[in-house]
Amino acid sequence: PAPPRAPPPPATLAAAEPRTPSIHEPPALTADFDPSDEGELRRRRERVVDALYGDQPHQCATTGVRFKTRAELDKHLDAQVVRRRAKREGTSGSSRGWFVDSGSWIRGAAAEAAE
């Protein structure tokens, strides 16, 4: 009689078993996918959207930025309110604060010319 066969190695078992794809794995493209077809590229693929944003359910209605927790979204919204208020009140500061004013510039140029 033939000796009993040893069970296959674990890698063979795993490859033989059907696997449910994870939401975090990109879906496999099928052979009929044509990237040169604009209609194909514009088609919404919910699995791809879920894979990209499924773990970020909280979205800012103003900026579209997504967050994992409500606390992160609230912090973002608070920062927006502060920025908007500062801009409205004119206290947002100058974006070019490191430049000297025009009077200082002229005095510096005159001093260099005198040297």
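A salt bridge is taken here as a side-chain nitrogen of Lys or Arg within 4 Å of a carboxyl oxygen of Asp or Glu, and by this rule the count comes to six salt bridges in what is a predicted model.

Among these, R42 pairs with E38, with the closest N and O atoms 2.8 Å apart; both residues belong to helix α2 (residues 38–42), where four residues, or about one turn of the helix, separate them. R42 is exposed, at a relative accessible area of 65%, whereas E38 is partly exposed, at 49%. A salt bridge also joins R43 to E40, the closest N and O atoms lying 3.3 Å apart, and here a partly exposed R43, with a relative accessible area of 48%, meets an E40 that counts as buried because its relative accessible area of 16% falls under 20%. R44 and E46 form another salt bridge, with a closest N and O separation of 2.5 Å; R44 is exposed, at 59%, and E46 is partly exposed, at 41% relative accessibility.

As for aromatic side chains, the count of aromatic pairs is zero, although the charged end of R66 sits over the ring of Y53, 4.7 Å from its centre.

Two further helices were examined. In helix α4 (residues 70–89), Q80 is buried, with a relative accessible area of 8%, and touches C60, T62 and T63, leaving aside residues up to four places away in sequence. At the start of α5, a side-chain oxygen of D101 reaches to within 3.1 Å of the backbone nitrogen of G103.

Note on methods
Residues numbered from 1 in each chain as written. Predicted model: local features only at pLDDT ≥ 70, side-chain atom pairs only at ≥ 80, totals over all residues. Heavy atoms only, no water. Helix = DSSP H or I, 4+ residues; strand = E, 2+ residues; numbered from the N terminus. Buried < 20%, exposed > 50% of the residue type's maximum accessible area, 1.4 Å probe, protein only. Contact = heavy atoms within 4.5 Å. Phe/Tyr/Trp six-rings, centres within 6.5 Å; stacked < 30°, edge-to-face > 60°. Lys NZ or Arg CZ within 6 Å of the ring centre and 35° of its normal. Polar contact = N/O pair within 3.5 Å; in protein donor to acceptor, adjacent residues only side chain to side chain.
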